[in-house]
Amino acid sequence: MKDSRIIQLFCKRSERAVTELNKKYNRYMNRISYNILSNPEDVEECVNDTCLKIWQSIPPTIPKSLKAYIGRIIRNLSLDRLRKSNTDKRGSGEIEVVFDELEEVIGGYNTVEDTVLTRELMKEINVFLGSLSKEKRVIFVARYFYAENVKNISLNLNISESKVKTTLHRLRADLKEYLKSRGVEIWEKENWSLEN
Amino acid sequence: MRKGELIFRELDGLNDDYIEEWSINMKHKNRKNQRLLIASIALILIIPNVFPSFAKVLVEVPFIGKIFEVVTIVHIEDKNDLREVDVEVPSIVDDSGALVIDEVNDKTHEYIDLLLSQFYEDVGESRGALTVDYEVVTNSDTWFTISINSTEIQASGYERIQYYNIDKTTGEYKIFSDLFEDFEVSKLLINENIIEQMKKNMEDEDLTYFIKSIDNTGFESVTNDQNYYFSNDGNLVVAFDEYEVAPGYMGIVEIELSDMN
């Protein structure tokens, strides 16, 4: 079913809305959540919570891209879930490696205890991604939005794992350089604790 | 929260387009683009260039370059404990007085009347819902397509879609067979292609179709008035109502025939 029709069903408060949403996007939601959580029960809960959230927000929200809208919600809910989970279990998932990699990009910057990211960062990253070839951009998004592992990225794009790894490595280095050249302040001082 | 996680969270600000580019089954999507139609030489499609550049536009034909306007002329609402009917009736607005505009308006109105009467007949005294709306699928310099979409819900849902196409270069309402010089020949190749795609989709994507030669029911051949439209890339897409060629969970089935030009 076309996205516009699914959104219409939500607006009409039709019972079919969630059914159709799941038909089209269940696999998509599961995949994102599983990449972050790795626990089937937690994943199932996040998918259900996502459907509920969408039901509650459309209308009045009418997303331009339903796929991106869903992706963001399940992603954030899964991250919140991750934070709440047992700290012993953390540190073992692929997602932690993704976090490590992203820290490379901002490594070396002056970080003071009370800091927060600026919105400028996201604008610049979008510009950076816009300058890339589609393949490179897709690899970046797969890894740093969807938290996909290297193997899945290589299988899906039909390229070797080493190519994925080197591309990611290169992208992180290029992004770091790009942000420096744009004078982006990654950190700024505010009364905000990283412990939040 | 560690810094890496902070950045990761922040990345939900990526552009929608970039988020959309990644798909779980990209290999399949790429294969779709490379799919070749069988014996393409014999398949002669007379399809006008659906999205031409302005330079090639013919000035003499009245419709070329005209972007039709479509408005909702009637909104039918009938809601009570048992029933929920929500119907939008479109009308193509054009001051040229061209007959084809009236022709298509008549056809769409007749179809909607049919949907409504069928619904009230089916539903009798029991619960049910009917939603009918429309979408302007194509409105380029040379082609116009409007779809009437309906969802009927009684015990379960039943989705239908009907496309109406106008060739602006000739000012004619075009049914599927009108697109081909020799439809009887083209039909065979199109059917083969559709069946091939269905088989492949069933293998690759775990979908289900009914093929008459295998399942004794389902798809056998496209018809003279086969439901169709052109995709944004200018490719011909054939459409089937729910239950026509697949089980209900598949909804409306659309199959894209690779571009032949």
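**Close-up 1. Salt bridges link chain B and chain A.** In this predicted model, the rule finds 9 salt bridges across the interface of the two chains. One pairs B:R9 with A:D80. Their closest N and O atoms lie 3.0 Å apart. Polar contacts join 22 residue pairs across the interface of chain B and chain A, with both partners at pLDDT 80 or more.

**Close-up 2. Helices and strands of chain B face chain A.** Elements giving two or more residues to this side are the helices α1 (3-10), α2 (16-21) and α3 (26-34), plus the strands β3 (128-139), β4 (143-153) and β5 (157-167) of chain B. α1(B) supplies the largest share, 8 residues. By class, the chain B side holds 15 nonpolar, 11 polar and 15 charged residues.

**Close-up 3. Area buried between chain B and chain A.** Here 41 residues of chain B are in contact with 60 residues of chain A. The buried area is about 5,000 Å². Carbon and sulfur atoms give 56% of that area. In chain B, the residues losing the most area to chain A are B:F8, B:W22 and B:I24. Together these three make up 18% of what the chain B side buries.

**Close-up 4. Helix α2 of chain A bends at A:Y25.** This helix spans residues 16-37. Its bend at A:Y25 is about 65°. A:Y25 is itself buried. Other buried residues of α2(A) include A:L21, A:Y28, A:M29 and A:I32. A:I36 and A:L37 are buried too. A:S38 follows α2(A). The phi of A:S38 is positive, near 60°.

Technical notes: Residues are numbered from 1 along each chain as its sequence is written. Chains are lettered from A and ligands numbered from 1 in the order in which they are written. This is a predicted model: local features need pLDDT of at least 70, side-chain atom pairs count only at pLDDT 80 or more; totals for chains, interfaces and linings use all residues. Side-chain values use heavy atoms; hydrogens and water are left out. Contact means heavy atoms within 4.5 Å. Buried area is the accessible area (1.4 Å probe) that two parts lose on being put together, summed over both. A salt bridge is a side-chain nitrogen of Lys or Arg within 4 Å of a carboxyl oxygen of Asp or Glu. A polar contact is a pair of N or O atoms within 3.5 Å; within protein, one must be able to donate a hydrogen and the other to accept it, and residues adjacent in sequence count only if both atoms are side-chain atoms. Helices (H or I, at least four residues) and strands (E, at least two) are DSSP runs, numbered from the N terminus. Ala, Val, Leu, Ile, Met, Phe, Trp, Tyr, Cys and Pro count as nonpolar, Asp, Glu, Lys and Arg as charged, and the others, Gly among them, as polar. The bend at a residue is the angle between axes fitted to the seven residues ending there and the seven starting there. Buried means under 20% relative accessible area, exposed over 50%, partly exposed in between (1.4 Å probe, protein chains only).
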